[in-house]
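Colleague: I would like to learn how to read a few features of this model. Could we take them one at a time?

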There are 4 protein chains.
Amino acid sequence: MRYITAGESHGPKLTAVIEGIPAGLTLTAEKINADLARRQQGYGRGNRMKIEHDQVEIISGVRHQKTLGSPITLQVTNHDYAHWTDIMSPTAEATAENSIRQVTKPRPGHADLVGGQKYQQRDLRNVLERSSARETTMRVAVGSVCQQLLAAIGVEVLGFVQQLGGISADPAKLPELGDLATLRAATEDSDIRTYDADAAAKIRELIDATKKAGDTLGGVVEVVATNLPAGLGSYISTETKLDAKLAQAIVSINAFKGVEFGDGFGLAAHPGSEDMDEILYTPERGFYRGSNHLGGFEGGMTNGEPIIVKGVMKPIPTLYKPLNSVDIATKQAYKANVERSDTTAVPAAAVVAEAMVAITLAQAVLEKFDADALSRLQAQVAAYRKELAAY
Amino acid sequence: MRYITAGESHGPKLTAVIEGIPAGLTLTAEKINADLARRQQGYGRGNRMKIEHDQVEIISGVRHQKTLGSPITLQVTNHDYAHWTDIMSPTAEATAENSIRQVTKPRPGHADLVGGQKYQQRDLRNVLERSSARETTMRVAVGSVCQQLLAAIGVEVLGFVQQLGGISADPAKLPELGDLATLRAATEDSDIRTYDADAAAKIRELIDATKKAGDTLGGVVEVVATNLPAGLGSYISTETKLDAKLAQAIVSINAFKGVEFGDGFGLAAHPGSEDMDEILYTPERGFYRGSNHLGGFEGGMTNGEPIIVKGVMKPIPTLYKPLNSVDIATKQAYKANVERSDTTAVPAAAVVAEAMVAITLAQAVLEKFDADALSRLQAQVAAYRKELAAY
Amino acid sequence: MRYITAGESHGPKLTAVIEGIPAGLTLTAEKINADLARRQQGYGRGNRMKIEHDQVEIISGVRHQKTLGSPITLQVTNHDYAHWTDIMSPTAEATAENSIRQVTKPRPGHADLVGGQKYQQRDLRNVLERSSARETTMRVAVGSVCQQLLAAIGVEVLGFVQQLGGISADPAKLPELGDLATLRAATEDSDIRTYDADAAAKIRELIDATKKAGDTLGGVVEVVATNLPAGLGSYISTETKLDAKLAQAIVSINAFKGVEFGDGFGLAAHPGSEDMDEILYTPERGFYRGSNHLGGFEGGMTNGEPIIVKGVMKPIPTLYKPLNSVDIATKQAYKANVERSDTTAVPAAAVVAEAMVAITLAQAVLEKFDADALSRLQAQVAAYRKELAAY
Amino acid sequence: MRYITAGESHGPKLTAVIEGIPAGLTLTAEKINADLARRQQGYGRGNRMKIEHDQVEIISGVRHQKTLGSPITLQVTNHDYAHWTDIMSPTAEATAENSIRQVTKPRPGHADLVGGQKYQQRDLRNVLERSSARETTMRVAVGSVCQQLLAAIGVEVLGFVQQLGGISADPAKLPELGDLATLRAATEDSDIRTYDADAAAKIRELIDATKKAGDTLGGVVEVVATNLPAGLGSYISTETKLDAKLAQAIVSINAFKGVEFGDGFGLAAHPGSEDMDEILYTPERGFYRGSNHLGGFEGGMTNGEPIIVKGVMKPIPTLYKPLNSVDIATKQAYKANVERSDTTAVPAAAVVAEAMVAITLAQAVLEKFDADALSRLQAQVAAYRKELAAY
């Protein structure tokens, strides 16, 4: 399975094409729209998010709510484009009128300056329109399709906020993972997208104070995935390790600067004897682990325990507090301007991270099992689970 | 540029083939052997490392010390194979005699159990021979070739230990990066492979105590790369972000459970105003940043500042302290046995991480510039640097 | 550079997304529409082609007629969809009303039967909607973008008909290739898309007679590409040979069953002394060849001579003459029905083949040279041409 | 499954590494050596072939004759290297003594000149050592492994000579394909590697005469593969068509200039009604075709009929008859010299083509079915065949 996303932040439409989803999967716009809405929520967002309600159109690859096996095209219209028709027109020639809102002042911490250098642009709008986090809309749409596929083989994926601005949800309050229903209910209810209501209250206060100060906040998101069979990914080479692919997927999200599995960086500080996941066995369960410090991976392979991935998002580098930068046209120093105004986007980023995990896991499943027809895939997965249980 | 590594831990030889290194690069076994030796050092290793002295043979792709542009084959003989000739023979039929040393007791935290399930093995030796960290030998060899390529365009890469068993080197003591000469000298001199002699002393003590306790230690390694031109990688898609590729490369190393760039997970705890890398300009230097919280990446692209990547290695999950596991043949619980005896391999892992960063950066360079002939590559890089300076 | 196409024959829209076209290329819908129109012409087509006038919409990746370096989305609306809205609806649930026009009778020579087996479909419409040659519309659109890129470095590509139904254009009448202007004018003027007016007249008669007989015709198309620098592709491995990639591109076209380069299969029948392209040199031209039996390739690399590729298209396997097949629902034999009515599509296929060659050559160019910014690409190509001339 | 080959014609060793062969396959050097020997036979070869007897060493990925799932390293020693140790040394510095046998005279029709330009070589030995057909040795070794895998699911592949120097084997004499046993026996017995003894006799005479005349001969090889299940490959995109991948594989062979499937280029000359493969059905056989004009492919997918691929090999462009060329050092015209002396290599090329088909089919099988463990793969294939039979 492979996919491409396309589209500029203020262009006419965002597009994704997904190739390699099996035929026979029930797919509706409603579920995708629900995930798009989840991405648009969260305490601490500015105004733009509130006015847009992203709606997906399914353009190909689906007929009567069933996938065909052929490439699936998803599209989301940018309602904002109405106000940018001339400025962002693909087809109109450049004129003085439609070249207003040129950007020559690169914002620190954004792709603006390097993008301008790499692509030889003097109007940095030509960079920021694509490097914008608006692009993650289509990742969420693709991820939603992948979640529906994974659900068809009993795999659940859920992203939430573990830490925001230095305030952590208390791991002791994390509900049993099981089928993720409790955790899902708790985090969906929360505008911080966390399971710990006390932490959420403190985070809300911090966001309010930070907003007042014209500052921004980053955080740590966590994604869990349950019920994956052991043996996805492989130790045999650099390219086949599934945790490594997840690491790429997470760090590829705008503003993400790190990723860890299970206890992650915490593993550096304890002796090994405190961090081991012992192997247990009962005839009913087959092999399982006594704990999950390793976040569901051994040797780059799923080991049957829940996958636990965390990613860190830096604070949005667009502040009301001015930052030093230099105009690319005049070479004059200036104080960086503000184009948008979220105080934090970490709750939304949890939804994006969830999507990236779902995409990567779906790719691993489709690589190991039949990718042509859903019921054949399901039969193979069932046979494999049975085989594992009898090992 | 792509490569494959092959070989079992006690098999006859380890092999790597690299395709796509430009013609005209001077390449000698000496430099590769020096890097292989660096990987074999480090305080806290057991006995095996001391007796082996890995030596590379260059089998193809090089003539009279110059690369030809054709695939380069590197090979390292496993001296141990002399003692395993029958047991590991590729060509002898299985007999009672050569099937001794069968492994049916999977070690927690290793690939043993899942590997056995996935590949339908009842002798887990068939898994652990490949999942062993012995495989990283060839990554270091490939990385050494890549470092020689990068050096030809002025790029330096260096890996070292930042933290071990919870004891950190003091960032305030980190030498100015510059051309990495000072930092290189300091870390090469250290059997902990760190620049902070005080921390090293404490770490040595901790290793001694841990060894005595039959326990193991993990840690955090750091890799820096200097003098890369801005604009490698791209924001335009998930697959083109270079930091994301580095994340995959680091997490693909045996026992690595996380990766971060620049301030990494620390970015979650500070308001944005404290973590921004302001943009500055002088006619002499062109554009540069006032700090490097982001570790050399903006929008998934190099920004011209040094690349700073850190990876966390879990403690080696093979303890003298017994761990619970279950025999796959008898389904009886047992206390896991010890096959090797390093207390920590973090100093060696720093060399492996350095190699993975070098490989990934070389791939990015060869993707953007001519990959056929070294002097053409150098000319293009020089022209590009000039163009960036004039932006 | 990579791309994906999507869309069903009677679905709402066809889509293509192209990633990796350099920034700064002038791109307009007009040129793409002109190529789409070329694909819709040709003597011997049925009625459907006459009523549709494909028009491309550029949805992303282009602003004010200049590429941005970000993914380019192209879309063509299927006007027919108006008549198929219910039957092909992605989002409506299946009902008795919208499930009419179900196909259970696989046509010989089409993907229908195998597609149904592979994707577990009982309504073969779910296969034929994607396996239809309608899909080639987007290849032509992508190819048109690639041709505009190639033109910016002086490379021209042109496809035409060499043989149709056994009647060949006379190679002796082929105009000098040069900049392809004469050949282009001649073939664009011809509704058979060939340069030999006498052959065209005979072909027209054959088509008329064949149509009357309810039969169909195949043929051979030829694509030439001029002014490519020597050294694209490489001999170093299976995957790096550029002629092999072109072979894949050509055979991937619907109904194409073979491909050859230069004298192709004719080379089997002559002794080597008659087929050699001798190497010549003048200070003005540098190295060149005295002939072009090899079609512009030596060792899988362009050699600076024009590329000559030919592909064979089988007759359209949908006849008014009935063919034996078997209903998948009833298992009853029947005479295959006719869904469309072209007598031949070879002239259109020449345009598709031209597109596939353009795409493949553009990929080779962007792999060897800078793929970020057009003027940097042009500078590198110019420097390379100079280097070759001085070899 | 992916693989890399490496090695120079007179270098120390040739190497191949194959990643992704399932665990549990029985693999011995004997079968590979037998295929290597088949490649070295054939009427019309010069002396070099007679003295070398290629022997493979299995270096990794196999234990006690069973694959492990880890990368398989194969190596063949070049016995000639004994005479080239200094000249081809990877590690010795260049000196006057070891730089003899420098090549500055590019041979027409070879990669020499373009390779020199591309890789900036002034000694064309640095090109021809890799562009030599010696490289195909490792393709045959890899192909042999793939044939052993395919045999484990009942798929057979066989290559032979269909035409040589314009003399064709008579298709009417082609034995029934069935399990290929008769055809295999006939072609293995023939030093022309063809099933038609009369044609073979004439070809032998032609080779003798051609040799005397100092000339060379090309030809057409044919590869058949039987018992593949329907539905490998897909119509959904350019990249998923399996016949297109086979086309790439065949044209990637040294000196191959074209490929066709089934009736191939012959399809251009007949009306469609004469070339259709009607669909038939019996409860015992399920669906099948009444003929096989399309060579086993419909819509880029296997259709259950035997695969029929043909490739054309140009005459070896190294003649005793001198050819015009130009020295790259002096720019003086000269008559091209002879480095080797085969009159034809078409019988050997049939073995190489067989290997390339086997590799490509094995990749398709491993993409669709489990690639981890042989018995799981076999179970999935068996279930799939059953499903197809019940369609």
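Colleague: In which sense do β3(D) and strand β6 of chain D pair, and over how many bridges?

Modeller: First, the ground rules. This is a predicted model, in which local features need pLDDT of at least 70, side-chain atom pairs count only at pLDDT 80 or more, and totals for chains, interfaces and linings use all residues. Residues are numbered from 1 along each chain as its sequence is written, chains are lettered from A and ligands numbered from 1 in the order in which they are written, and side-chain values use heavy atoms, leaving out hydrogens and water.

Modeller: Strands are DSSP runs of E with at least two residues, helices are runs of H or I with at least four, and both are numbered from the N terminus. Two strands pair if DSSP finds at least two bridges between them. Here β3(D) and β6(D), residues 72–77, are antiparallel, with four bridges. One bridge joins S60(D) to T73(D) in β6(D).

Colleague: Is β3(D) mostly covered or uncovered?

Modeller: In a regular strand the side chains alternate between the two faces of the sheet. In β3(D), residues 56–60, four of the five residues are buried (buried is under 20% relative accessible area, exposed over 50%, partly exposed in between, with a 1.4 Å probe and protein chains only).

Colleague: Which residues of α7(C) are buried, and where do they fall around the helix axis?

Modeller: An α-helix has 3.6 residues a turn, so residues three or four places apart point the same way. In α7(C) the buried residues are A199(C), A200(C), I203(C), I207(C) and T210(C). They fall within an arc of 95° seen down the axis, so they line one face of the helix; the arc is taken from the directions from the helix axis to the C-beta atoms. These residues pack against β7 (156–164) and β8 (167–168) of chain C. On the other side, A197(C), K202(C), E205(C) and K212(C) are exposed.

Colleague: What follows α7(C)?

Modeller: G214(C) does, with a positive phi near 70°.

Colleague: How is chain C laid on chain D?

Modeller: Copies are superposed by least squares on the C-alpha atoms of residues with pLDDT of at least 70 in both. For chains C and D, a turn of 180° with a shift of 0.0 Å along the axis gives an RMSD of 0.0 Å. In chain C, the C-alpha of Q248(C) is nearest that axis, at 2.4 Å.

Methods. Contact = heavy atoms within 4.5 Å.
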